[in-house]
Amino acid sequence: MKLLYRITLAFGLLLIVVTGVSAYLINSFLLENLIEQQRRELALKGQVWIEKVKASGETIKPEEIQELSRLVVSNRKVEILLLGRRKKVLYTTLPSASLDQWIDQLERKAKKRQDKNIWMIGSDDYIVVTLPLKNGENQRLLLATPVRGVKDMRMELTGNIMASLLLGAICAIILSFFITRSLVTPLSRLTEEIKKVQRRRFSEVEMIPASGEIAEVTRSVYFMAQELDRFHSSQKQFFQNASHELKTPLMSIQGYAEGIRDGVFTGESARQGLDVIVKETTRLKNIVTEMILLAKLESEEDLFHPSEVSVLELVHQAVERLHPLMMQNGVDIAVRCGAANPRINVDSEKFLQAVLNILGNAVRHAREHIEISIEEKNRHVLIDIIDDGEGIPDDLLPNLFHRFVKGKNGETGLGLAISRAIVERSGGTIEAGNGRTGAVFRIRMPLLHG
Ligand SMILES: Nc1ncnc2c1ncn2[C@@H]1O[C@H](COP(=O)(O)OP(=O)(O)O)[C@@H](O)[C@H]1O
Ligand SMILES: [Mg+2]
């Protein structure tokens with residue numbers, strides 16, 4: 001069954017139960033209340049009349065009895081029994097057939113000192129009030145009204161209450177249907193969008209308008225689909241780039257190898273061909289090694305073993321490693337540290353690799369000088385690597401850290417992607433730009449005891 005109908009049905013059933021219980025409770029309390037109210041009314045009227053009679057003297061006059069009838073008259077039938085001394089009936093509205101029964105009952109109750117308000121006379125229940133007429137002389141006024149009348153009244157009241165409860169319940173169910181529908185509709189539309197994700201049609205996923213928590217879910221699904229779309233296309237791009245990068249050296253190796261085998265290249269040109277084969281094989285090996293490293297960095301969980309590392313020491317280590325290349329390119333490096341030996345928590349081997357990739361690029365692109373500045377700021381350490389080369393081409397900048405993005409004389413185009421993966425997995429960030437003199441790279445890492 002559809003969620004909409006299920007919720008409405010559940011709500012409807014709940015309302016019916018609540019309405020039923022309320023109606024039952026009202027119905028049972030109502031009768032007691034109505035009986036009590038009748039009894040009090042009768043007692044009050046009787047008392048008023050007795051007070052008057054007391055004031056007027058010994059005997060009860062006919063006009064006083066008339067006044068009593070007038071006083072007790074109401075929209076329900078009220079029986080009167082006025083009993084004088086020695087059970088003499090002074091006045092009554094009771095039929096003579098049941099009169100003895102009433103008097104008997106009165107005696108019995110008086111003896112048992114019972115003060116029950118409901119009497120059963122014949123086959124009818126009566127609400128009865130008996131009041132002493134004159135103190136100690138056994139004269140009594142009895143007023144009685146049949147319970148049946150009160151029951152009718154209760155039926156009428158209960159009926160009215162039930163009708164309004166029912167009307168309220170119907171309105172509530174209709175309202176609930178529309179409210180539920182407004183909640184459920186975005187959910188079923190969302191299901192459609194999720195099915196698109198299932199079928200990998202990420203770009204077709206739309207944002208479903210909704211409100212509250214459901215809006216958050218629809219927004220999350222939309223952004224998730226967008227992210228998956230980006231990931232999907234970057235993955236596609238990666239495979240295209242990777243196959244291109246691997247195919248180019250392989251084709252030149254194949255060309256030269258076949259040329260030498262078939263005797264097309266001989267002597268000096270064969271030697272040059274073999275040089276190309278060796279160079280391309282090395283490049284191929286580098287690409288594959290870096291691709292494997294990158295894949296590991298992005299997928300393996302326990303690749304990093306962080307420990308406390310001095311930034312300054314790490315930078316000096318990197319400079320030392322690049323010494324031969326520096327000599328070869330005629331580049332010098334100045335390290336400036338504006339902090340007292342900042343320490344970070346990283347995997348030193350991996351982090352050294354990240355710095356080496358950036359610094360290696362700088363050595364390759366610098367004219368003659370590189371500056372490395374280390375600074376502390378807001379519980380972070382900033383490592384800036386600034387060279388005086390031609391700077392990063394503007395068209396590379398937006399995707400500089402993506403895989404296989406490289407400039408004119410680039411090598412594998414994977415170095416910076418590896419650096420970013422390492423820095424980000426170490427809890428830091430990396431950014432690149434062009435400064436006054438050349439390229440500027442900034443690594444930002446949280447300080448260990450910041
Ligand atoms: N210091 C720099 N100055 C100028 N260009 C740079 C610098 N560092 C990196 N680049 C550019 O960024 C590209 C990508 O760098 P990288 O990912 O290390 O790949 P690779 O060095 O293998 O080409 C380089 O090919 C180069 O064009
Ligand atoms: Mg590089």
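A polar contact is taken here as a pair of N or O atoms within 3.5 Å; within protein, one must be able to donate a hydrogen and the other to accept it, and residues adjacent in sequence count only if both atoms are side-chain atoms. The structure is a predicted model, in which local features need pLDDT of at least 70 and side-chain atom pairs count only at pLDDT 80 or more, while totals for chains, interfaces and linings use all residues. Residues are numbered from 1 along each chain as its sequence is written, chains are lettered from A and ligands numbered from 1 in the order in which they are written, and side-chain values use heavy atoms, with hydrogens and water left out.

A polar side-chain atom of D387 lies 2.8 Å from a nitrogen atom of ligand 1. Oxygen atoms of ligand 1 take part in two further contacts: one is 2.7 Å from an N or O atom in the side chain of N361, and one is 2.9 Å from a polar backbone atom of E411. Of the 530 Å² of accessible area that ligand 1 has on its own, the protein covers 97% (Shrake-Rupley method, 1.4 Å probe).

The shell around ligand 1 holds 21 residues, with N361, D387, G407, T412 and G413 the closest (a heavy atom within 4 Å). By class, nine of the shell residues are nonpolar, eight polar and four charged. Helix 9 (348-365), helix 10 (415-425) and strand 12 (439-446) each supply at least two shell residues; helix 9 gives the most, with four. Helices (H or I, at least four residues) and strands (E, at least two) are DSSP runs, numbered from the N terminus.

Methods: Nonpolar A, V, L, I, M, F, W, Y, C, P; charged D, E, K, R; others polar.
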